[in-house]
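Here is a short report on one protein chain. Look at the sequence and the 3D view, then read on.

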Amino acid sequence: MADGVNRLRHFADLELVIDSGSRASITGEWLSVTHRVSDQTLEQPDSQPFNLALSYTDNGNGRVSLSNGTLHLDGFFSTDRNQLFLRQADSDDTESLGLLLATRQP
């Protein structure tokens with residue numbers, strides 16, 4: 001929050017597809033809200049669809065990484081590979097952390 005602004009981005013009903021041993025994509029919609037601390041304002045929520053192409057890396061022992069240059073997701077599969085737990089961090093100049101939980105669709 002170096003610039004006195006808090007940003008909340010909520011992702012819901014995403015679809016993560018691992019296309020191959022090196023590619024993946026995430027599609028869905030996010031809800032974004034910005035809070036400016038200095039003047040105590042809260043912007044109207046903004047909802048936007050998105051589709052991200054990512055590189056996918058299997059790091060072994062159930063650990064994986066996904067990235068598109070600015071968005072990085074690192075995490076692990078459950079033992080049965082039905083759940084995926086990812087920590088999100090942006091590599092641009094913003095402070096951004098997040099958690100993504102994915103469950104295999106039947």
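## Contacts along the chain

Take the contacts in the chain with a separation of 6 or more: 26% of them join residues 24 or more positions apart. Contact here means heavy atoms within 4.5 Å. The model is predicted, so local features need pLDDT of at least 70 and side-chain atom pairs pLDDT 80 or more, while totals for chains, interfaces and linings use all residues. Residues are numbered from 1 along each chain as its sequence is written, and side-chain values use heavy atoms, leaving out hydrogens and water.

## Overall build

The chain has eight strands and zero helices. Read from the N terminus, the order is β-β-β-β-β-β-β-β. Both kinds of element are DSSP runs, numbered from the N terminus: helices are H or I with at least four residues, strands are E with at least two. The C-alpha trace spans about 50 × 25 × 20 Å along its principal axes.

## Surface and charge

Of the 106 residues, 25% are buried. Buried means under 20% relative accessible area, exposed means over 50%, and partly exposed lies in between (1.4 Å probe, protein chains only).

The chain carries 15 negative and 8 positive side chains. Lys and Arg count as positive, Asp and Glu as negative; His and the chain ends are not counted. The centres of the two sets lie 6 Å apart. Each charge is placed at NZ of Lys, CZ of Arg, CG of Asp or CD of Glu.

## The nonpolar core

Which residues touch the most other members of the largest nonpolar core? They are L54, Y56, V64, L66, L73, L84 and L86, out of 15 residues in that core. At least two core residues come from each of β2, β4 (46-60), β5 (63-67), β6 (71-77), β7 (83-90) and β8 (97-103). A nonpolar core is a set of buried Ala, Val, Leu, Ile, Met, Phe, Trp, Tyr and Cys residues joined through side-chain atoms within 4.5 Å.

Look at L86. Beyond its neighbours within four places in sequence, L86 is in contact with L16, V64, L66, L73, D74, G75, G98, L99 and L100.

S32 sits in strand β2 (residues 23-36). S32 counts as buried because its relative accessibility is 18%. Setting aside neighbours within four places in sequence, S32 is in contact with L8, R9, Q44, P45 and D46.

L71 belongs to strand β6. L71 has 15% relative accessibility, so it counts as buried. L71 and D58 are 13 residues apart along the chain, and their C-alpha atoms are separated by 17 Å.

## One salt bridge

Side chains of opposite charge can pair when their charged atoms come close. How many salt bridges does a search of the whole structure find? It finds one. The partners are E43 and R36, at 3.0 Å from N to O. A salt bridge needs a side-chain nitrogen of Lys or Arg within 4 Å of a carboxyl oxygen of Asp or Glu. E43 is partly exposed at 36% relative accessible area, and R36 is partly exposed at 33%.

## Positive phi in two loops

Most residues other than glycine have a negative phi. N61, in the loop between β4 and β5, has a positive phi near 55°. N61 is exposed, with a relative accessible area of 82%.

R81 is in the loop between β6 and β7. Its phi is positive too, about 60°, although R81 is not a glycine. R81 is partly exposed at 35% relative accessibility.
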